[in-house]
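Here is a short briefing on the side-chain contacts and helix packing you can follow in the viewer. Have the structure open while you read, and click along as the residues come up.

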Amino acid sequence: MNEYHNINIAGLDRKLPLCRVNESMSIAAFVIFGDVELTIAAAGKLLEKAPDFDFIVTPEAKSIPLAYEMSRQSGREYFVARKGAKLYMNDIVSVNVRSITTQKEQTLYLDGGDGEKMRGKKVLIVDDVISTGDSLKAVEELLSGFDCVIAAKTAILAEGDAADRDDIVYLEKIPLFFK
């Protein structure tokens with residue numbers, strides 16, 4: 001039998017399925033792919049809470065629709081820290097990260113030209129869920145070589161202890177579920 005966590009995000013009710021991470025812990029799975037209504041509403045609410053910024057950066061992949069919509073609504077350009085280097089990328093910078101949802105180390109890559117475009121500018125880091133904060137740290141590390149000013153670190157949801165952080169902007173919190 002499936003278990004769910006009920007939540008209201010940006011005025012919209014959603015049922016998030018619980019997924020086991022290990023023998024003693026489960027998380028509420030939040031995937032915005034395909035949920036256009038929620039993506040639009042959450043983007044607007046996050047932009048209301050965000051300080052002034054010049055660019056948006058998001059780690060690949062689940063938060064790309066959110067970054068796109070925030071870009072569309074704000075008129076500011078967005079960039080994606082990719083999970084793989086692409087042939088069209090030049091002067092690539094990279095950093096390793098471990099995310100709670102992937103359960104393995106991965107590398108994020110940023111095109112050096114994109115970094116130069118953001119050099120010295122105010123950047124809004126956007127993610128779907130902040131849990132351990134490791135993805136945020138990786139994106140910050142990618143941007144540090146370009147002297148970017150981190151305007152804010154934002155997410156739709158803060159999971160577990162992340163909700164107690166005072167250095168992130170988020171819409172709702174979700175607990176970790178322990179047996």
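**Briefing: rings, charges and a helix**

Tyr 68 is partly exposed, with 44% relative accessible area. Please keep in mind that this is a predicted model.

**Aromatic pairs**

- A pair of aromatic rings is described by the distance of the centres and the angle of the planes.
- For Phe 55 and Phe 79, the ring centres are 5.6 Å apart and the planes meet at 45 degrees, so this pair is tilted.
- Phe 55 sits in strand 4 (residues 55-59) and Phe 79 in strand 5 (residues 78-81), so their pairing ties together parts that are 24 residues apart in sequence.
- Phe 55 is buried, at a relative accessible area of 10%, and Phe 79 is buried too, at 5%.
- The rings of Tyr 68 and Tyr 78 have centres 6.4 Å apart and planes at 80 degrees; because that angle is over 60 degrees, the pair counts as edge-to-face.
- Tyr 68 is in helix 2 and Tyr 78 in strand 5, 10 residues apart, and the pair links these distant parts of the chain.
- Tyr 78 is partly exposed, with a relative accessible area of 26%.

**Charges over rings**

- Lys 15 lies over the face of Tyr 4, at 4.4 Å from the centre of the ring.
- Arg 76 places its charged end over the ring of Phe 53, 5.2 Å from the ring centre.

**Salt bridges**

- Lys 62 and Asp 128 meet through their side chains in a salt bridge, with an N to O distance of 3.4 Å.
- Lys 62 is in the loop between strand 4 and helix 2, while Asp 128 is in strand 8 (residues 122-130), so the bridge ties together parts that are 66 residues apart in sequence.
- Arg 72 forms a salt bridge with Glu 69, whose closest N and O atoms are 2.6 Å apart.
- Both Arg 72 and Glu 69 lie in helix 2, 3 residues apart, which is about one turn of the helix.
- An α-helix has 3.6 residues a turn, so residues three or four places apart point the same way.
- Glu 69 counts as buried, at 5% relative accessibility.
- Asp 167 and Arg 165 are joined by a side-chain salt bridge of 2.7 Å, N to O.
- Asp 167 is partly exposed at 32% relative accessible area, and Arg 165 is partly exposed at 25%.
- Shared partners join the salt bridges of Glu 140, Lys 153, Arg 165 and Asp 167 into one network.

**Helix 1 and what covers it**

- Helix 1 (residues 36-49) has 14 residues, so at 1.5 Å a residue it should span 20 Å; the end C-alpha atoms are 20 Å apart, which agrees.
- Which residues of helix 1 are buried? They are Leu 38, Thr 39, Ala 42, Ala 43, Gly 44, Leu 46 and Leu 47.
- The cover over these buried residues includes strand 1 (4-9), strand 2 (12-20), helix 2 (64-74), strand 9 (149-159) and strand 10 (169-174).

How values were computed
Residues numbered from 1 in each chain as written. Predicted model: local features only at pLDDT ≥ 70, side-chain atom pairs only at ≥ 80, totals over all residues. Heavy atoms only, no water. Helix = DSSP H or I, 4+ residues; strand = E, 2+ residues; numbered from the N terminus. Expected span 1.5 Å × (residues − 1). Buried < 20%, exposed > 50% of the residue type's maximum accessible area, 1.4 Å probe, protein only. Contact = heavy atoms within 4.5 Å. Phe/Tyr/Trp six-rings, centres within 6.5 Å; stacked < 30°, edge-to-face > 60°. Lys NZ or Arg CZ within 6 Å of the ring centre and 35° of its normal. Salt bridge = Lys/Arg side-chain N within 4 Å of Asp/Glu carboxyl O.
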